Amino acid sequence: MKSKSSNNWAISVNPYLYPVIKDHGHLYLNFERVRIETFISVMQCSTCGSLGHTRNHCSSIRDCFRGSSTDNHDRTSCNPRCINCTTQNTRFRSGFSENHGCRDKNGPVLIQFRKRTIDHTDYGR
């Protein structure tokens, strides 16, 4: 939740009440209207940039998040290429654009991964 004073609050509610609050879009706490936002954390490796695992379980040696390269190069001049979209396109012939960094919040695979996480979250309904 986010208030006008830009404070972020985390609240816990009964699972049956959550859809009602979420659909309504806001609550009133202490006479202040508070907007409801759902934060979804996505697991992304800080070594290779791939989704779904962390660096503790990574066997890659990739250095550059922008170009998904293993060599030591000038990162300010490399062409961005998302390792997640590249992998998705190779495995499933998806046709996603690859000309962005793997940490780009508008990357199609990241959006798809986040949506799948939301769809598989059990709110206790």
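**View 1. Where helix α2 meets helix α3 in this predicted model.** On the α2 side, the contact is made by N84, C85 and Q88. Their partners in α3 are P108, V109 and Q112. Sort the residues of this contact by type and you get three nonpolar, three polar and no charged.

**View 2. How the axes of α2 and α3 cross.** Two packed helices are described by the angle between their axes and the distance between the axes. Here the axes of α2 and α3 come within 8 Å, with a crossing angle of roughly 80°. Since 65 to 115 degrees is the range for roughly perpendicular, that makes α2 roughly perpendicular to α3.

**View 3. Close-up on N89 and its neighbours.** N89 sits in helix α2. Is N89 buried or exposed? Its relative accessibility is 13%, so N89 counts as buried, the cut-off being under 20%. Leaving aside residues up to four places away in sequence, N89 touches S94, G95, F96 and E98. Two of these neighbours also show up in polar pairings. A polar atom of the N89 side chain lies 2.8 Å from the backbone nitrogen of F96. With E98 the link is side chain to side chain, a polar contact of 2.8 Å.

Terms used
Residues numbered from 1 in each chain as written. Predicted model: local features only at pLDDT ≥ 70, side-chain atom pairs only at ≥ 80, totals over all residues. Heavy atoms only, no water. Axes fitted to C-alpha atoms, helices over the stretch in contact; angles between N-to-C directions. Helix = DSSP H or I, 4+ residues; strand = E, 2+ residues; numbered from the N terminus. Parallel < 35°, antiparallel > 145°, perpendicular 65-115°, else oblique. Contact = heavy atoms within 4.5 Å. Nonpolar A, V, L, I, M, F, W, Y, C, P; charged D, E, K, R; others polar. Buried < 20%, exposed > 50% of the residue type's maximum accessible area, 1.4 Å probe, protein only. Polar contact = N/O pair within 3.5 Å; in protein donor to acceptor, adjacent residues only side chain to side chain.
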